[in-house]
Amino acid sequence: MKYRVDGLQLRCVDSFKYLGSTIFVDGSLDKEITSRIQKASQALGRLRLEACASDRLGWRSLTSRATAAFEEDRRRRLAAARDRRHRAASTSVQNTNFQCNTCGRLCASSFGLQSHMRRHR
Ligand SMILES: [Zn+2]
């Protein structure tokens, strides 16, 4: 199947980046997990890794912590980006009657307010 956007034909790919994650056509996570472990390992530095590689248990613990730290950082960045988007959206809806009774957030529409209210359930 061929798709076009503004006259440009889109290329068929097996994977693509979306919000910092790699999405694969078969829905598998193995390559994404491997990629994250590699990024975390790179962040630790080559010398430290080589020293730890001989100590398998230590290496495993180290990569596990590094992966967790990487994932925590990734989630924090995504949350910050989401907050920025929400703040930008809420400042653009100053004049609205759709305000949350719980937290005071302004929404652009009734639908938006209903969607927002789900987080207070
Ligand atoms: Zn609210």
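The legends below describe close-up views of a predicted model.

Residues are numbered from 1 along each chain as its sequence is written. Because the model is predicted, local features need pLDDT of at least 70 and side-chain atom pairs count only at pLDDT 80 or more, while totals for chains, interfaces and linings use all residues.

**Figure 1. Overall arrangement of the protein.** The protein has four helices and six strands, where helices (H or I, at least four residues) and strands (E, at least two) are DSSP runs numbered from the N terminus. Along the sequence they follow the pattern β-β-β-β-α-α-α-β-β-α. The radius of gyration is 21 Å, well over the 14 Å that the globule rule gives for 121 residues, so the protein is more spread out than a compact globule. That radius is taken over C-alpha atoms, and the globule rule is 2.2 Å times the number of residues to the power 0.38. Along the principal axes, the C-alpha atoms fill a box of roughly 65 × 45 × 25 Å. Buried residues make up 2% of the 121 residues; a residue is buried if 20 or more other C-beta atoms lie within 10 Å of its own, exposed if 12 or fewer, and partly exposed in between, with C-beta atoms placed from the backbone.

**Figure 2. Confidence along the chain.** The average pLDDT, the predictor's confidence in each residue from 0 to 100, is 84 for the protein, and 90% of the residues score at least 70. Confidence is lowest in helix α2 (residues 46-53), with a mean of 67, and highest in helix α4 (residues 110-117), at 92. Where pLDDT is low, the predicted coordinates should not be read in detail.

**Figure 3. The loop at D6.** D6 is found in the loop between β1 (4-5) and β2 (8-9). The phi of D6 is near 50°, a positive value in a residue other than glycine. Most residues other than glycine have a negative phi. D6 counts as exposed because it has 4 C-beta neighbours inside 10 Å.

**Figure 4. The β3-β4 hairpin.** Strand β3 (residues 15-18) pairs with strand β4 (residues 21-24) in the antiparallel sense over four bridges; two strands pair if DSSP finds at least two bridges between them. Two residues separate the strands of this hairpin, and L19 in the turn has a positive phi of about 50°. Y18 stands opposite S21 in β4. F16, in strand β3, has I23 in β4 as its bridge partner. F16 is exposed, with 11 other C-beta atoms within 10 Å.

**Figure 5. Helix α1 and the residue after it.** The 15 residues of helix α1 (residues 30-44) should span 21 Å at 1.5 Å a residue, and the end C-alpha atoms are 21 Å apart, which agrees. The expected span is 1.5 Å times one less than the number of residues. Just after α1, G45 takes a positive phi of about 100°. The C-alpha atom of S41 is separated from that of F16 by 22 Å, the two residues being 25 apart along the chain.

Figure 6. UniProt places the feature "domain: C2H2-type" (unreviewed entry) here, at residues 98-121. UniProt positions are given in the numbering used here, feature names are shortened, and annotations may be inferred rather than shown by experiment. The end C-alpha atoms of residues 98-121 lie 18 Å apart, and the span is 33% helix and 17% strand.
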